[in-house]
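Hello,

Here is the structure I promised to pass on to you. Have a look at it first, and then read my notes below.

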Amino acid sequence: MITLSRIRLREVHLPLREPFRISSGVVSIRRIMLLELTDVSGLTVWSECVAGETPNYTSETIATTWPAILQWVAPRVIGRGFALPGDVHDVLEKDFRGHNMAKAAVEMGMWALAAEQAGLPLARLVGGTRETIATGISLGIEASPAALVNRARAAIGEGYRKVKIKIMPGSDIEFVRAAREELGPEAPLMADANNAYTLDDVDRLAELDTLDLMMIEQPLAWDDLVRHAELQRRLKTPVCLDESITSLDRAIDMHTLGSGRIVNIKPGRVGGFAQSIAIHDFCEQHGIPVWCGGMFESGVGRSYNVALASLPNFTKPGDVSPSARYWERDIVTPEWTMDKSGMVKVPLDQPGIGVTVDQDRIDNLTVRTETVGS
Ligand code: OSB
Ligand code: MG
């Protein structure tokens, strides 16, 4: 039985090594929201809420997740006994719309508590089978094709198994074509538009279709499935959906409508691990490959992504770059690393999330805290 007694929220500011630009905005200092969940026996785990500072990816921001957790999520879980962490999702969904990232931060922490209680690595508790995860890098929009090519070449040299190029109108065909020409026909390239196009751009997107990309991620509106289906009919490159997949039902609809052929699963976006696993299982049954996306998590959030990505149908490389790609220094020990062949090790030698938060450092980086429960 998992019974939560307290949730402590904390905001820490960690500068990215360099600003990251996507079609809808730029981040340079990551405002990271962390949670400490303590159960009635005094066991504490860390989790992370992946919402950003502005509502340009989904509608949630840390200005909405903070009060949502305090006022709506915490009262539903604190003091209530859960036989299984998989039971938390339904309790959080009943008459409680949206707020997936707020819900996920707590729901995933409950999985970590269950793992600690059972003495299992989180990856094994969720049913993961892999010992290593293939890693991709997500490259922000650069000022010129030449600058992008340098980044992409360096990434392939470091061993990354997938290079994702952020695109938007004006920084797209020329950039991706330069990378393809420079890196050769076998280079594992893909593009992510973060909703920067409409069906009026279909000719432009058809040019990308000639560049042998592994996939084109979320080209159209953030909540769309119908137009993506129209687009997928016109492209041979698989469309991968990110923003549009907010639940198992949306993944089923994607399959029904033909809106895409690959799913990027981010547990925060879908409300946690129960939905992530359900989407994974559905996709596995229907021959749809999945991979784990990233949200510039700290090493805490990363540990959850790595655990999830150890499930068998995570067959495409995930955006689980090592800590050093993002930060001068991460907030966890050990930091996340990648070997020369682009693989990240799933921590299997200890119970729980497999990393420890550096307490003094985190206290120094903290700008606010708030506690609910006792
Ligand atoms: O679309 O996948 C995305 C980061 C923030 C918001 C949206 C996205 C991303 C990334 C970063 O691509 C992936 C990473 O954490 O390395
Ligand atoms: Mg994306």
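**What I found**

Strand E2 gives the most residues to the lining of the largest pocket, namely seven. (Strands, of at least two residues, and helices, of at least four, are DSSP runs numbered from the N terminus.) Please keep in mind that this is a predicted model, where local features need pLDDT of at least 70, side-chain atom pairs count only at pLDDT 80 or more, and totals for chains, interfaces and linings use all residues. Residues are numbered from 1 along each chain as written, chains are lettered from A and ligands numbered from 1 in the order written, and side-chain values use heavy atoms, without hydrogens and water.

Now to the metal. The magnesium ion (ligand 2) is coordinated by Asp192 (OD), Glu217 (OE) and Asp242 (OD), at 2.1 to 2.4 Å. Donors here are N, O and S atoms within 2.8 Å of the metal (3.2 Å for Na, K and Ca); water is not among the atoms, so sites may look incomplete. Along the chain, the donors follow the spacing D-x24-E-x24-D. Asp192 lies in strand E8 (residues 189–192) and Glu217 in strand E9 (residues 216–217), 25 residues apart.

Are these two buried or exposed? Asp192 is buried, at 0% relative accessible area, and Glu217 is buried at 0% too. Buried means under 20% and exposed over 50%, with partly exposed in between (1.4 Å probe, protein chains only).

Finally, E9 pairs with strand E10 (residues 239–241) in the parallel sense over two bridges; pairing takes at least two DSSP bridges. Ile216 has Val239 in E10 as its bridge partner.

Best wishes
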